[in-house]
Amino acid sequence: MKKILGLTTALLFSLPVFAQSISGTVITLAGNAEIKADNDQAIVTFFIEDQDKDKAVAASRVNQKMRFGTELIKKEDPQAELSTRGYYTYPVYSDDMKVAGQPPKHQLVGWRSGQYLEVKTQNLKQLSTTTAAAQSVLALNGVHFGLSDGAVAKLESERIAAGYKDFTDKLTMITHAMGKKPEDIVIESLDFDNAGSMIRPMAMAAPLMQRMSVAAPPVEVPSFEPGYTSLSIHIAGKLRLK
């Protein structure tokens, strides 16, 4: 019985010591949040490629088709931003002709020219029609949906608020578990990681031969679903107990 009383007394005396020992303790805490927003912008890449024995003829056909395709896109979507990408011309050789006792021969059979066109637009309602019109001349290389700079700027305060709420909610739980009050905590530093969702650059697909005339048949209108983008935030803080 004396041993039990002695152990109890020792524990009671040790409690204040523990309470005092955590004073000045530094705590690191992180808050994370993610918000979703409907995409309001599309980046569409078209390309054209042609081949001919005459380098000038191949380049001229590419130039003509790209010019006509560009005019169609501007007509359907005057507000779209167009950028020329990856204009190229390179020689095309036949398969190696192997003759016994002689090195393989490479024979020039023609020239291949091509060009990419990037179209950035926020007119998503018109996107399907614009794409179909361009596809009557150009080939579709890829479509990427995302958020415009304006949309990201408008969502910035919401993103930060969501991250800070998660941070303070965790802080409240920690102080409660340690038997402390929020006013017993001093925030020494906060680090707001501003890296939200990243738009990955779209890789260009391998070129495909496109032999089509300007008077190609109309293309059926494609169906697009813009989807959404997630914007995330990470907040790290260093706290100290009074």
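These legends accompany close-up views of a predicted model of one protein chain.

**View 1. Confidence along the protein chain.** The mean pLDDT of the protein chain is 81, and 78% of the residues reach at least 70. Strand β2 (residues 41-52) has the highest confidence, at 96, while helix α1 (residues 2-21) has the lowest, at a mean of 47. Residues 2-19 have a pLDDT below 50, and this stretch makes zero contacts in the model beyond near neighbours in sequence.

**View 2. The stretch of residues 195-215.** Here pLDDT stays under 50.

**View 3. The largest nonpolar core.** This core has 16 residues, of which F46, I73, L117, V119 and L138 touch the most other members. At least two residues of the core come from each of β2, α2 (55-76), β4 (108-121) and α3 (124-135). Another core, of eleven residues, lies apart from it and includes I27, I185, I235 and L239.

**View 4. Surroundings of F46.** Leaving aside residues up to four places away in sequence, F46 touches I73, Q115, Y116, L117, V119, T131, A134, Q135, L138, A139, L140 and N141.

**View 5. Helix α3 and its cover.** The twelve residues of α3 should span 16 Å at 1.5 Å a residue, so the 17 Å between its end C-alpha atoms agrees with that expectation. Buried in α3 are L127, S128, T130, T131, A132, A133 and A134. Among the elements covering these buried residues are β2, α2, β4 and β5 (139-146).

Note on methods. Residues are numbered from 1 along each chain as its sequence is written. This is a predicted model: local features need pLDDT of at least 70, side-chain atom pairs count only at pLDDT 80 or more; totals for chains, interfaces and linings use all residues. Side-chain values use heavy atoms; hydrogens and water are left out. pLDDT is the predictor's confidence in each residue, from 0 to 100. Helices (H or I, at least four residues) and strands (E, at least two) are DSSP runs, numbered from the N terminus. Contact means heavy atoms within 4.5 Å. A nonpolar core is a set of buried Ala, Val, Leu, Ile, Met, Phe, Trp, Tyr and Cys residues joined through side-chain atoms within 4.5 Å. Buried means under 20% relative accessible area, exposed over 50%, partly exposed in between (1.4 Å probe, protein chains only). The expected span of a helix is 1.5 Å times one less than its number of residues.
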